[in-house]
Amino acid sequence: MGRLPGAPAVAGTVPVVSPQAAREGGQALVLGPTGDSGALSLWDPADRATPLSVDFLAGRQGYRLAADRARHERLVKALGRCRDGVQGVLDLTAGLARDAALMAAAGYPVSMVERQPVLHALIADALARAQGQGAAALLTLLDNGDAATLTLPAGPWHAVYLDPMFPARGKSAAVKQDLQWLQQLCPYPDDDEERRLLDVALTVPARKVVIKRPRRAPPLAGRAPHHVLEGKTVRFDVHNGMAVNS
Ligand SMILES: C[S@@+](CC[C@H](N)C(=O)[O-])C[C@H]1O[C@@H](n2cnc3c(N)ncnc32)[C@H](O)[C@@H]1O
């Protein structure tokens, strides 16, 4: 991936002077600042698709982030009420932080883990631009790394949230484009990795582990959840966590 002037030196990127140079050098994606805000963004230098950035204050998912709407989201229903004495949600698969922003808009403090360095940089940039406004007020980004090896804050947590990659079936061209780029950056987990991720989640002191799955997909790592909230295209599988009774 090419890295334009003004972009941070993210692992796995190489410096390029312009999108054209990236294209000529065969780079499938470039990372660089765009627009008036200088939002760190990702795009394909060979096509005109809208650059992808994370934005906690505006943007496409803005309408979902109004607190009264966020509270009606199925994910928020799956999380349930966060009682006193626990930290909020530990999102171990932050991705583009869309679900994290939604949870924050609904009032949960969310700590995010993301191992893909470019995605981690996009979230960090969005947090810096938001300056603690809107959903960003309740969001914390932990160090870039794998959930299995990072030292995670002790908790106890209300919930651990997992949304591992799964094959996309989005409808709009824009959704497909974002997901295509995400798929270029993040491989689908194999069985071992699914098991490893679920094991990590289940050893974190938390009341529950909530997992987003495509509606018809098998449960993560083949492990049946304690209960399920079904939506039209996705469902949320809920496991009792280590700290279920605390
Ligand atoms: C489908 S995306 C998550 C999308 C996210 N829920 C959102 O709303 O934007 C899955 C993400 O999990 C990350 N991931 C998968 N396994 C991980 C692990 N073990 N540790 C940290 N991040 C992980 C991937 O890099 C990818 O960015």
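Reader: Let's start with Asp99: is this residue buried or exposed, and why?

Author: A residue is called buried if 20 or more other C-beta atoms lie within 10 Å of its own, exposed if 12 or fewer, and partly exposed in between, with C-beta atoms placed from the backbone. Asp99 counts as buried because it has 23 C-beta neighbours inside 10 Å. Bear in mind that this is a predicted model, where local features need pLDDT of at least 70, side-chain atom pairs count only at pLDDT 80 or more, and totals for chains, interfaces and linings use all residues. Residues are numbered from 1 along each chain as its sequence is written.

Reader: Which residues does Asp99 touch?

Author: Contact here means that two C-beta atoms, placed from the backbone, lie within 7 Å. Leaving aside residues up to four places away in sequence, Asp99 touches Leu75, Asp91, Tyr161 and Asp163.

Reader: At which residues does UniProt place the "binding site" feature?

Author: UniProt positions are given in the numbering used here, with shortened feature names, and annotations may be inferred rather than shown by experiment. The unreviewed UniProt entry puts "binding site" at Arg98, Asp99, Glu114, Arg115 and Asp163. Arg98 is partly exposed, because 18 other C-beta atoms fall within 10 Å.

Reader: How many residues of H4 are buried?

Author: First, how elements are named: helices (H or I, at least four residues) and strands (E, at least two) are DSSP runs, numbered from the N terminus. An α-helix has 3.6 residues a turn, so residues three or four places apart point the same way. In this case H4 is mostly covered, with 7 of its 8 residues buried. They are Asp99, Ala100, Ala101, Leu102, Met103, Ala104 and Ala105. Their packing partners are helix H2 (67–70), helix H3 (74–79), E5, E6, E7 and E8. After H4 comes Gly107, with a positive phi near 110°.

Reader: Which strands does H4 lie across?

Author: For angles, axes are lines fitted to C-alpha atoms, for helices over the stretch in contact, and values run from 0 to 180 degrees between N-to-C directions. H4 (residues 98–105) lies across strand E5 (87–91), strand E6 (110–112), E7 and strand E8 (157–162), and runs at about 165° to E6.

Reader: What is the strand order in the open sheet?

Author: Strands of a sheet pair through backbone hydrogen bonds, either parallel or antiparallel. The cut-off is that DSSP finds at least two bridges between them. Here 7 strands go E7-E6-E5-E8-E9-E11-E10, with mixed pairing. The edges are E7 (139–141) and E10 (227–230), each pairing on one side only. From one strand to the next, the twist averages 20°. Look at E9 (residues 206–214) and E11 (residues 234–240): they are antiparallel over 7 bridges, and Ile211 faces Asp237 in E11.

Reader: Where is the hairpin turn with a positive phi?

Author: Between E3 and E4, which form a hairpin with 4 residues between them; Gly35 in the turn has a positive phi of about 70°. E3 and E4 are antiparallel over 5 bridges, and Pro33 stands opposite Leu40 in E4. By contrast, strand E1 (residues 2–3) runs parallel to E3 (residues 30–34), joined by 2 bridges.

Reader: How is the chain divided into domains?

Author: Domain bounds come from an automatic or database domain assignment. This chain splits into domain 1 (2–43) and domain 2 (62–240). The contact takes 12 residues from domain 1 and 8 residues from domain 2.
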